[in-house]
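Work through the exercises below with the sequence and the model side by side. Try each task before reading its solution.

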Amino acid sequence: MQTPASMVMGIVFSPLGLVLVFTAAITPQWREGHARLTVSGTGSFLRAGAKGQRTGGRSGSAEVLLLRSDGLWESCMQVEHSDLRQCWPVTGPYQRDPCVRLAQGLVLTSLFLCGIGIVLACIGVRCWMDLPLRGVAASGGVLVVIAGLLSLSALGVYTHNLKRLGTDPSQRISNPKLPQLSLHPAGSLYFGWLGSCLQVVGGTALLFCFKQPRCPTCPSRPEQTVCPACRSCPEITSKTDMDVYEVSC
């Protein structure tokens, strides 16, 4: 039995988009930046393996490059060219920033709606029935499209305010220990953009299920349409079930 191409496209792209958006949500690489610090004395963390340090003009001083990355729920700090990495839940001004909280709410809502939409789409595709439940599948497509738009909105808000998130308007940086911290978009944002676009494309494909297929007419009875559930036409009845389903579905 042939499944409509729009259903196949929607049932493939929607879960893929959900996985990518979920991956972006849980990873702490929405933005990242780096800053060079001159450390007086060789501390224990430098002796542990900061291979990229450079000795300064004064004895016992070293310059290290710190890499900072932030996500929606976690932030990380790492010394370049070393295994030293520490992550912690987002706190402080960054956690309380309205744009961060808005992005968190939109992403969570998007994941929930997309999950429900995929369940409805799977039910509508009817792996265990002769005919697809087009209305159910299309309803799932509506939820998937809304989920994609919500995640796109979250990504847009975060990207637009990326360099200002968690900072004091009166200061250029939020943490004076990280001078000249340059922030830019990181990998998780790109996963999120790709996943959101796939959600919109997959949901839109499922929306085509609202359009009912045109049933063939019976040559001997032009006034009567013939569907798999109504096989009163001799010409159609003589065909195999596969042929009938391919024409109607």
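Helices (H or I, at least four residues) and strands (E, at least two) are DSSP runs, numbered from the N terminus. The model is predicted, so local features need pLDDT of at least 70 and side-chain atom pairs count only at pLDDT 80 or more, while totals for chains, interfaces and linings use all residues. Residues are numbered from 1 along each chain as its sequence is written, and side-chain values use heavy atoms, with hydrogens and water left out.

**Exercise 1.** Which residues do salt bridges join into one network?

Solution. 
- Step 1: A salt bridge is a side-chain nitrogen of Lys or Arg within 4 Å of a carboxyl oxygen of Asp or Glu. By this rule there are two salt bridges.
- Step 2: One is between R31 and D70, at 2.9 Å from N to O. R31 is in strand β1 and D70 in strand β3 (residues 61-70), so this pair ties together parts 39 residues apart in sequence.
- Step 3: D70 also meets R68 in a salt bridge, again 2.9 Å from N to O. Shared partners therefore join R31, R68 and D70 into one network.
- Step 4: R31 is buried at 4%, D70 is buried at 1% and R68 is buried at 17%.

**Exercise 2.** How many aromatic pairs are there?

Solution. 
- Step 1: Rings of Phe, Tyr and Trp (its six-membered ring) pair if their centres lie within 6.5 Å; planes under 30 degrees apart count as stacked, over 60 as edge-to-face and the rest as tilted.
- Step 2: The count is one aromatic pair. The ring centres of W30 and Y158 are 5.0 Å apart and the planes are at 70°, so the pair is edge-to-face.
- Step 3: W30 is buried at 1%, and Y158 is buried at 0%.

How values were computed: Buried < 20%, exposed > 50% of the residue type's maximum accessible area, 1.4 Å probe, protein only.
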